[in-house]
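I open my notebook here and write down what I look up, one entry at a time.

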Amino acid sequence: MSTHQTQVVIIGGGPSGLLLSQLLYRKGISSIVLEKHTREHVLGRIRAGVLEHGFVNLMREAGCGERMDREGEIHEGFHIAHQGQLDRIDLAKHTGGETVMVYGQTEVTRDLYDARDAMGGMIIHEAQNVQPHALTETRPHVTWEQNGETKRVECDFIVGADGFHGVSRKSIPAEVLKEYEKVYPFGWLGVLSETPPVAEELIYARHERGFALCSLRSRVLSRYYIQVPLTDRVEDWSDAAFWQELKRRLPQDVAAGLQTGPSIEKSIAPLRSFVAEPMRYGNLFLAGDAAHIVPPTGAKGLNLAASDIHYLYHGFLDHYLNGDSGGLHGYSEKALARVWKAERFSWWMTNLLHRAPEGSETDLRLQRAELDYLFSSEAAQVSLAENYVGLPY
């Protein structure tokens, strides 16, 4: 069995794990990243594209912001369509100038890979049967299998950034871990197409037929979603049927300007709210989807992972550079305080814009009243805007 030594082992080679590895490297703290999939698989994931200002600043601090700043689009607001009209939330106005950046998760991951490659970062792909050990001991270790050989790395700390289905959260004893979950009775059918976006900014649509979202990845790459029953399958939806249903849920003038084309990716994602507590057990720290899931309505999933990385990064800095472990000891409590606020916001926005399958006419009228209030109250718009651009770390 071959054995390695490092300071921090990061399980999961997605954007949050790569970002932490890159940030630590720049401060002289060593890490090894273990990823069960190939690099091509990781880069093939079609995910989030709206980045909070805090995430954008972390990318810059990691030395990975040059292409993002050049190619990403700064958005100062977004629209909500309801009752055939289009109302705008002015993010910059209501937050003292804060904005969001539209830049795809795939591009974020590619930039982080390039940076780790340039600095000789140790990222081990196709690491099978990854298992953390001795989590409550001073020197934990992680084992994995590769090419028929069992390998081991000894470390000071383990970070589980391996997603909802990963091994890290499952390594916390059941009597310690508490899980909270809400499963929504609908999903999002998403289509990626090589077409110009229908609008300069995102459009969230609340309609009696169900929710819709007009998003984008670039000037020539659009991402659209519609709410569908959980019983639907991708095969049930032709491109033509998707475009027809999307147009029905948009204001007429918006639908008239929609350019359609063949889908280059099509998938259905269920919606859930999920939180695991605590986010630390011994010398294991959970981050991102390993600890929490939000419905995508408020664009919080990747951004919430970034705030976890912010807290962990500064905790490790204080520990290794200043001999102060307070940040690591307080990580779970601090991260969870922000997690629950983001869960609340995503739950609120989901309930505001979706049609519940069993929803009554009363529910629809309450939704309508909530939207009427939102656009008649500056205080309500300020609250929405400050949550959307990201609460402070």
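Which residue lies over the face of Y113? I find that R39 does, at 4.1 Å from the ring centre, and I keep in mind throughout that this model is predicted.

Next I look for a charge over a ring elsewhere, and I note that the charged end of K300 sits over the ring of Y388, 5.5 Å from the ring's centre. Y388 also belongs to one aromatic cluster, together with F78, W188, Y204, F211 and Y225.

I then turn to aromatic pairs, of which a search of the whole structure finds 19. I record both Y204 and Y388 as buried.

I look up Y224 and W243 as well, and they form an edge-to-face pair at 5.4 Å centre to centre, with 75° between the planes. Y224 is in strand β17 and W243 in helix α8, 19 residues apart. Is W243 buried or exposed? Its relative accessibility is 7%, and buried means under 20%, so W243 counts as buried; Y224 is buried too, with a relative accessible area of 0%.

My last entry is on helix packing: α12 (residues 331-353) and α13 (residues 361-374) pack at an angle of about 115°, with their axes 9 Å apart. Among the residues that make the contact I note W348 and L352 of α12 and L371 of α13, and by class the contact has 4 nonpolar, 2 polar and 1 charged residues.

Key: Residues are numbered from 1 along each chain as its sequence is written. This is a predicted model: local features need pLDDT of at least 70, side-chain atom pairs count only at pLDDT 80 or more; totals for chains, interfaces and linings use all residues. Side-chain values use heavy atoms; hydrogens and water are left out. Axes are lines fitted to C-alpha atoms, for helices over the stretch in contact, and angles run from 0 to 180 degrees between N-to-C directions. Helices (H or I, at least four residues) and strands (E, at least two) are DSSP runs, numbered from the N terminus. Contact means heavy atoms within 4.5 Å. Ala, Val, Leu, Ile, Met, Phe, Trp, Tyr, Cys and Pro count as nonpolar, Asp, Glu, Lys and Arg as charged, and the others, Gly among them, as polar. Rings of Phe, Tyr and Trp (its six-membered ring) pair if their centres lie within 6.5 Å; planes under 30 degrees apart count as stacked, over 60 as edge-to-face and the rest as tilted. Buried means under 20% relative accessible area, exposed over 50%, partly exposed in between (1.4 Å probe, protein chains only). A charge sits over a ring if NZ of Lys or CZ of Arg is within 6 Å of the ring centre and within 35 degrees of the ring normal.
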